[in-house]
Amino acid sequence: MHWYEKLNQYFPVEEMKSLEHMETLLKERSDIYHKDEGKYHVLMYAELEEFIFIDYLFVSKDARGQGLGSKLIEKLKERKKPILLEVEPVDYDDTDTEKRLKFYKREGFKHAVTIGYARRSLATNEVNPMEILYWAPQDEPEELIYESMKKTYELIHTYKDETFYGESYESVEDVLTMDEDRDGDVLKKL
């Protein structure tokens, strides 16, 4: 099965970039956007000088529980830079969301509680709230994670968005917010 089909079957439509978008990133942004693919996994990520952003991490059901996801994360951790990613809030009707959060918690990720993130899907036109998780080797502050997430949004998520989707995503200021009073660590209850 093609790597995009694997991702498309696992991730909700509102989170998926188009194949054309991802292939263009791999070609035109090959200096920062990468694919690590094997028989049982697909890892799409952006690596910049100051951080790594995991765009998609898929491990086949056939290989889950065998440490493959941990090995992939460990390879990224060896680069000694903050790693950030987006996750859906826990949906207790979808056991995968809770399992995913537990996995990242075991891997040492923290919830960026002060960062709010909600963007309108160009596929469904619905606003989707997401949570930002991060691993920080030097205990980097959430302000750095926020600035890194803004850069990711502008360099990766909205790259040529009008070309691929016929319209643009909202501005980064409308999608990402930083609020010191924001509450509710999604990893605490797990």
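Q: What classes of residue does the lining of the largest cavity have?
A: The lining has 10 nonpolar, two polar and eight charged residues. Ala, Val, Leu, Ile, Met, Phe, Trp, Tyr, Cys and Pro count as nonpolar, Asp, Glu, Lys and Arg as charged, and the others, Gly among them, as polar. The model is predicted: local features need pLDDT of at least 70 and side-chain atom pairs pLDDT 80 or more, while totals for chains, interfaces and linings use all residues. Residues are numbered from 1 along each chain as its sequence is written, and side-chain values use heavy atoms, without hydrogens and water.

Q: What makes a residue part of this lining, and which lie nearest the centre of the largest cavity?
A: A cavity is a set of points on a 1 Å grid over the protein atoms alone where a 1.4 Å probe fits but cannot get out, and a lining residue has an atom within 4 Å of a point. The largest cavity has 20 such residues, with Phe11, Glu15, Asp55, Glu86 and Met130 nearest its centre. Strand 3 gives the largest share, five residues; strands are DSSP runs of E with at least two residues, numbered from the N terminus.

Q: Why is the pair of Tyr10 and Phe11 edge-to-face?
A: There are eight aromatic pairs in the model. Rings of Phe, Tyr and Trp (its six-membered ring) pair if their centres lie within 6.5 Å; planes under 30 degrees apart count as stacked, over 60 as edge-to-face and the rest as tilted. The ring centres of Tyr10 and Phe11 are 5.1 Å apart and their planes stand at 90°, so the pair is edge-to-face. Tyr165 and Tyr169 are also an edge-to-face pair, at 5.9 Å centre to centre and 65° between the planes.

Q: Is Tyr169 buried or exposed, and why?
A: Buried means under 20% relative accessible area, exposed over 50% and partly exposed in between, with a 1.4 Å probe and protein chains only. Tyr169 has 12% relative accessibility and therefore counts as buried, whereas Tyr165, at 23%, is partly exposed.

Q: How is it known that the charged end of Arg119 sits over the ring of Tyr169?
A: The rule asks for NZ of Lys or CZ of Arg within 6 Å of the ring centre and within 35 degrees of the ring normal. The charged end of Arg119 meets it, 5.0 Å from the centre of the Tyr169 ring.

Q: Why is strand 6 largely enclosed by the rest of the structure?
A: Five of its six residues are buried, so strand 6 is largely enclosed.

Terms used:
On a 1 Å grid over the protein atoms alone, a cavity is a set of points where a 1.4 Å probe fits but cannot get out, and a pocket is an open set with protein on both sides within 12 Å along at least five of seven lines; lining residues have an atom within 4 Å of a point. Helices (H or I, at least four residues) and strands (E, at least two) are DSSP runs, numbered from the N terminus.
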